[in-house]
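Dear colleague,

I am passing on the structure we spoke about, and below it you will find my notes on what turned up in it. Please read them with the coordinates open beside you.

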Amino acid sequence: MNNALRITAFAAALAATFGTAYGVGRGVDPLVAAEDRPAQQHGGHGGGEEGGAKPAADHAPGGLQISEGGYTLDLATPTVRAGARTEIRFAVKDDSGRKVTAYQREHGKELHFILASTDLTQYRHLHPVRAADGTWSTPVDLPEAGGYRVFADFTPAAAGAGNLTLGADLAVSGAYRPAALPAPGTTAEVDGYRVALGGELRAGQSGELKLSISRNGRPVTDLQPYLGAYGHLVALRSGDLAYLHVHPNDGGPGPEVSFTATAPSAGTYRLFLDFKHEGKVRTAAFTVRVAEPGNDDGGHREGGAGAPAGHAH
């Protein structure tokens, strides 16, 4: 083969390699409930079946991509310092590079912003403010250095736009002390409250998670609505921080709140329950192990609560 033919063959092979490698995953809407009042039915941001559950096949983990559907999460503050109160600024840009300024209001907010450390020991559900030019900002104070992931959950007002969950990496500078994922368990303690986890998280199948809240040995029966429900649950997969699709179920103001969730795969997950009582939002965190489909040894029976994470703000 002469040199010209060799070069042509090499270029074709190289193009094929890059063409195969190029691609991004699809993300879906995680749960963030309706307005700050209890709703009778919740189906995640995109609506859905009554009772909150949707077929597992309809959903895949969200938050793994920075761009999707012609929109990009532009994190203007990719680095903050541990232990210092600072401001995170970001914008959502359309495919022409313009900042998005019009959103559908979902669950009382135009956009929901969640932040978690890659070791899943730190968690925040933040409520940023949007400036007229489309720049979002929120104060934050993170005590531990290391890698973090931020998630923006929103629906543009543009015709035909669907709900998106985009993610970006955040670096927190300072003395880094790696932390192990908290051990599995079935209870979590936070500010004198005890939260017990029941039910089962399954790989590829929907399952119900029940969380019972008590204080001083007595059930809490007067929970206050937070983002339209009596509890708000976020589930993140250990390793890549895939954002699970979680649905709230109908229920009263305690002591039990329940959710329907589907784990996309076997593995270890971290669950964060936000609940509001006496005017304050608190967060209880659990570590859960999920077995392969068909293995009855999985679910929260091998896992549960770990050390409580930071409170949502």
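Arg-202 is partly exposed, its relative accessibility being 33%, and its side chain meets that of Glu-200 in a salt bridge with an N to O distance of 3.5 Å. Please keep in mind throughout that this is a predicted model.

The structure holds 12 salt bridges, and two others deserve a description. Arg-282 pairs with Asp-191, with 3.4 Å between the closest N and O atoms, and this pair links distant parts of the chain, since Arg-282 belongs to strand β19 while Asp-191 sits in the loop between β11 and β12, 91 residues apart. Through shared partners, salt bridges join Asp-191, Lys-280 and Arg-282 into one network.

The other pair is Glu-110 with Arg-130, whose closest N and O atoms are 2.9 Å apart. Because Glu-110 lies in the loop between β4 (86–93) and β5, and Arg-130 in strand β7 (residues 129–130), the pair ties together parts that are 20 residues apart in sequence. Glu-110 is partly exposed at 22% relative accessibility, and Arg-130 is likewise partly exposed, at 26%.

Turning to the chain as a whole, there are 1 helix and 20 strands, and 48% of the 313 residues count as buried. Of the contacts between residues at least 6 apart in sequence, 67% join residues at least 24 apart. The chain exposes about 14,100 Å², of which carbon and sulfur atoms supply 50%.

The largest nonpolar core has 29 residues, and those touching the most other members are Leu-201, Leu-271, Leu-273 and Phe-275. At least two residues of this core come from each of β11 (187–190), β12 (193–199), β13 (206–215), β15 (232–237), β17 (256–262), β18 (267–277) and β19 (280–290). A second, separate core of 25 residues has among its members Ile-88, Leu-126, Leu-166 and Leu-170.

Strand β18 is mostly covered, 8 of its 11 residues being buried. It runs antiparallel to β15, to which 6 bridges join it, with Val-234 and Phe-272 as bridge partners. Strand β18 also pairs with β19 in the antiparallel sense, over 11 bridges, and here Thr-268 has Arg-289 as its bridge partner. In the hairpin that β18 and β19 form, 2 residues lie between the strands, and Glu-278 takes a positive phi near 55 degrees.

Elsewhere, 5 strands form an open sheet of mixed pairing in the order β3-β10-β9-β5-β6. Since β3 (79–81) and β6 (123–126) stand at its edges with a single partner strand each, one side of each is left without a neighbour in the sheet. Neighbouring strands of the sheet are turned against each other by 25 degrees on average, direction ignored. Within it, β5 (residues 111–117) and β9 (residues 146–154) pair in the antiparallel sense over 7 bridges, and Leu-111 has Phe-154 of β9 as its bridge partner.

With best regards

Technical notes:
Residues are numbered from 1 along each chain as its sequence is written. This is a predicted model: local features need pLDDT of at least 70, side-chain atom pairs count only at pLDDT 80 or more; totals for chains, interfaces and linings use all residues. Side-chain values use heavy atoms; hydrogens and water are left out. A nonpolar core is a set of buried Ala, Val, Leu, Ile, Met, Phe, Trp, Tyr and Cys residues joined through side-chain atoms within 4.5 Å. Buried means under 20% relative accessible area, exposed over 50%, partly exposed in between (1.4 Å probe, protein chains only). Helices (H or I, at least four residues) and strands (E, at least two) are DSSP runs, numbered from the N terminus. Two strands pair if DSSP finds at least two bridges between them. Axes are lines fitted to C-alpha atoms, for helices over the stretch in contact, and angles run from 0 to 180 degrees between N-to-C directions. Contact means heavy atoms within 4.5 Å. Accessible areas come from the Shrake-Rupley method with a 1.4 Å probe; for residues, only the protein chains shown count as cover. A salt bridge is a side-chain nitrogen of Lys or Arg within 4 Å of a carboxyl oxygen of Asp or Glu.
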